[in-house]
Amino acid sequence: MSLDFSQYVNLADEKLGAEALFATDDFFADKSRLLRREAPEWKEGVFDDNGKWMDGWETRRKRSEGYDYCVVKLALSGVIAGVDIDTSFFTGNFPPSASLDACYSPDGAPDDSTEWDEIVPSLSLQGNSHHLQAISSEKTYTHVRLNIYPDGGVARLRVYGQPAVDWDRIDPQQQVDLAAVENGGRAVACSDEHYGKTSNILGPGRGENMGDGWETARRRTPGNDWVLVALGHAGTIDRIVVDTAHFKGNYPDSCSIQAAYVKGGTDEQVATQSLFWRELLPSQKLSAHEIHEFSNEINDIGPVTHVRLNIFPDGGISRLRLFGTKATTKA
C-alpha cells in the first residue's frame, strides 16, 4: 500500500477547521499544537512555567495505570487514506507506542456511547521521526482519537484523506466552487512549489500571507509554471476567481486555464496530457494583491473534471476558485 499521501487533504489541519477537543493531559505542551499546519520547530533554551517549551502535545510522566489520549475533530469529514504520527524533536520524551481510533459523529462531539473503530493498531514509535501508516477503509469519519502509551509527546498528527461530499444533495442548478477543498477538489501535480504548496490555493478564505498560497521559484529558463487541479465533481465552470493576495512583487504577469473531461488513467498520465487540453480561459493579465474575476472571458467547453492553471512566467497566487454547476450526465 502506498505511503505517498501528497494527493490527499490533511483532514486534521487546524487552518481548515480541525480542533483538538479533549486530552487526558497536556501539562507540558498544549494539545492544539498537535494540529498546526507548520512543520514543528525547536526553540533552544526556551522554557515556560511548566518546563521546556515543545512544539506539539506533551503530557506529564504517568505515575498510575492507564494511558493518555487526545480527541480531534476533523476539519472535514472524510475517508482516511493514511496518517503521520510525527515525533519531531521529542527524543527522551516520546511515547514508546501509539494507536489511532476513529468515529463518525456528525451531530456533535463523541461521548461515552460513541463507537470507535481502531484504524491504526498499536505501533512502536521512535523519537524525532515520522511514522507513516496507510489505512484501507471506505468508511467516513468525523473524529479521531490518538492514544499514546503510556505518556509523552507527539509533535504533529496528520490525517490524510478525501473529504466526503454528498453531491446527490446539491441541486444541479446550484453554483458551487468545484475546486474547493471542502468540495473534494485537490491539486494533483505542478511544475514547481518551491515556496508554497499547491494545495493552499484550494483552501478556504483569502490567504493569510504569502506562505498561505502557491509560489514557484524564479524561472531562469524558457517556459511557464503550472498546476493541475482535479475538481470535486465534474461540472461546467461559469465563473473563475484568481486571487493574488499578498503577492505584490512576485505575482505572475498573466495566467490562462485549460481544462478537460478525464476518464480513467492516473494523475501522472493526466499531467502528461494536460498540455493538449482545451482552452477554458484565454490569457489574462494579473495585478498585485488583487482579486481577479472572470466570467464573460470563459469559453463554453462543457463539463470538465480537471483544469490546468498556467502562470506566466512564474510567481505566486493565493487562491483559485472555479464556480459552476455539477454535471448530471457524463460528457
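Me: Leaving aside its neighbours within four places in sequence, which residues is Asp 68 in contact with?
Reply: In this predicted model, the place of Asp 68 is in strand 6. Once neighbours within four places in sequence are set aside, the contacts of Asp 68 include Thr 24 and Asp 25, and they also include Leu 146, Asn 147, Ile 148, Pro 150 and Asp 151.

Me: Does Asp 68 count as buried or exposed?
Reply: A residue is called buried when its relative accessible area is under 20%, and exposed when that area is over 50%. Because the relative accessibility of Asp 68 is 3%, this residue counts as buried.

Me: Which side chain does a polar contact of 3.4 Å join to that of Asp 68?
Reply: The polar contact of 3.4 Å runs between the side chain of Asp 68 and that of Lys 62.

Me: Which strand gives the most to the lining of the largest pocket?
Reply: The largest pocket has a volume of about 1200 Å³, and 45 residues line it. The elements that give two or more residues to this lining are strand 1, strand 6, strand 9, strand 12 and strand 14. With five residues, the one that gives the most is strand 14.

How values were computed:
Residues are numbered from 1 along each chain as its sequence is written. This is a predicted model: local features need pLDDT of at least 70, side-chain atom pairs count only at pLDDT 80 or more; totals for chains, interfaces and linings use all residues. Side-chain values use heavy atoms; hydrogens and water are left out. On a 1 Å grid over the protein atoms alone, a cavity is a set of points where a 1.4 Å probe fits but cannot get out, and a pocket is an open set with protein on both sides within 12 Å along at least five of seven lines; lining residues have an atom within 4 Å of a point. Grid points are joined across faces, edges and corners, and a volume is the space filled by probe spheres set on the points. Helices (H or I, at least four residues) and strands (E, at least two) are DSSP runs, numbered from the N terminus. Buried means under 20% relative accessible area, exposed over 50%, partly exposed in between (1.4 Å probe, protein chains only). Contact means heavy atoms within 4.5 Å. A polar contact is a pair of N or O atoms within 3.5 Å; within protein, one must be able to donate a hydrogen and the other to accept it, and residues adjacent in sequence count only if both atoms are side-chain atoms.
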